[in-house]
Amino acid sequence: GLLLKHWQRTNNVGDCWTVSPWGHLPGQWTANTRARVAEEVELVRHWQVRATDWGELATYFVDPPYQKNYGYRMPPIDYVALSVQVRTLQRGAQAIVCEARHPSTGEPPTWLPFTDFRRSITSRRKPGNHTHSRELIWVGP
């Protein structure tokens, strides 16, 4: 995870995992970034990407774009279908689903019965002027 975090965030601070607006632009593959990747690549070299289905006994960490927040210029997500999918996992499987309250109104998403988890800094600006997210979590089924 840290390998990807460092690649996507050139102003990487704290435990913030939001991709920088400039993280995808040319010129971000700097000497500093290359050095970080070189230091950390051995930590993830053994990882394998494999296809799985929702029936396999496992714990699934589900962190979709938050319903009440940014759209990331993506097609809309069918949150109802995602809710059904995580609620109907095979016996013994588990899902941990992340979400957040609306940043202005505090309204929670409605596609799962989320509970408050923690308040996180999502971007750091000048001291005392940070952006916070009210994070939610659902564990089930």
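**Entry 1**

I began with aspartate 116, which is exposed because its relative accessible area is 53%, over the 50% cut-off. I note here that the model is a predicted one.

I then looked for a charged partner. Aspartate 116 makes a salt bridge with arginine 101, and the closest N and O atoms are 2.9 Å apart. This pair links distant parts of the chain, 15 residues apart: aspartate 116 sits in strand 3 (residues 115–123), and arginine 101 in the loop between strand 2 (94–100) and strand 3. I looked up the accessibility of arginine 101 as well; the value is 22%, so arginine 101 counts as partly exposed.

**Entry 2**

How many salt bridges does the structure hold? I found 2. Side chains of opposite charge can pair when their charged atoms come close. Besides the bridge to aspartate 116, I noted one between glutamate 42 and arginine 45, with the closest N and O atoms 2.8 Å apart. Glutamate 42 has 53% relative accessibility and therefore counts as exposed. Arginine 45 is exposed too, at 55%.

**Entry 3: Helix 2**

I checked the length of helix 2 (residues 31–44) against expectation. At 1.5 Å a residue, its 14 residues should span 20 Å, and the end C-alpha atoms are 20 Å apart, so the two values agree. I also looked for a bend and found one of about 30° at alanine 38.

Which residues of helix 2 are buried? I listed Thr33, Arg36, Val37, Glu40 and Val44. Glutamate 42, by contrast, is exposed.

**Entry 4: Strands 1 and 2**

Strand 2 is mostly covered, with 5 of its 7 residues buried. Its pairing with strand 1 (residues 59–62) is in the parallel sense and runs over 4 bridges.

**Entry 5: Serine 83**

Is serine 83 buried or exposed? I read 7% relative accessibility for serine 83, which means that this residue counts as buried, the cut-off being under 20%. Serine 83 belongs to helix 3 (residues 79–87). I set aside the neighbours within four places in sequence and looked up the remaining contacts of serine 83, which are Trp111 and Leu112.

Definitions and conventions:
Residues are numbered from 1 along each chain as its sequence is written. This is a predicted model: local features need pLDDT of at least 70, side-chain atom pairs count only at pLDDT 80 or more; totals for chains, interfaces and linings use all residues. Side-chain values use heavy atoms; hydrogens and water are left out. Helices (H or I, at least four residues) and strands (E, at least two) are DSSP runs, numbered from the N terminus. Buried means under 20% relative accessible area, exposed over 50%, partly exposed in between (1.4 Å probe, protein chains only). Contact means heavy atoms within 4.5 Å. A salt bridge is a side-chain nitrogen of Lys or Arg within 4 Å of a carboxyl oxygen of Asp or Glu. The expected span of a helix is 1.5 Å times one less than its number of residues. The bend at a residue is the angle between axes fitted to the seven residues ending there and the seven starting there. Two strands pair if DSSP finds at least two bridges between them.
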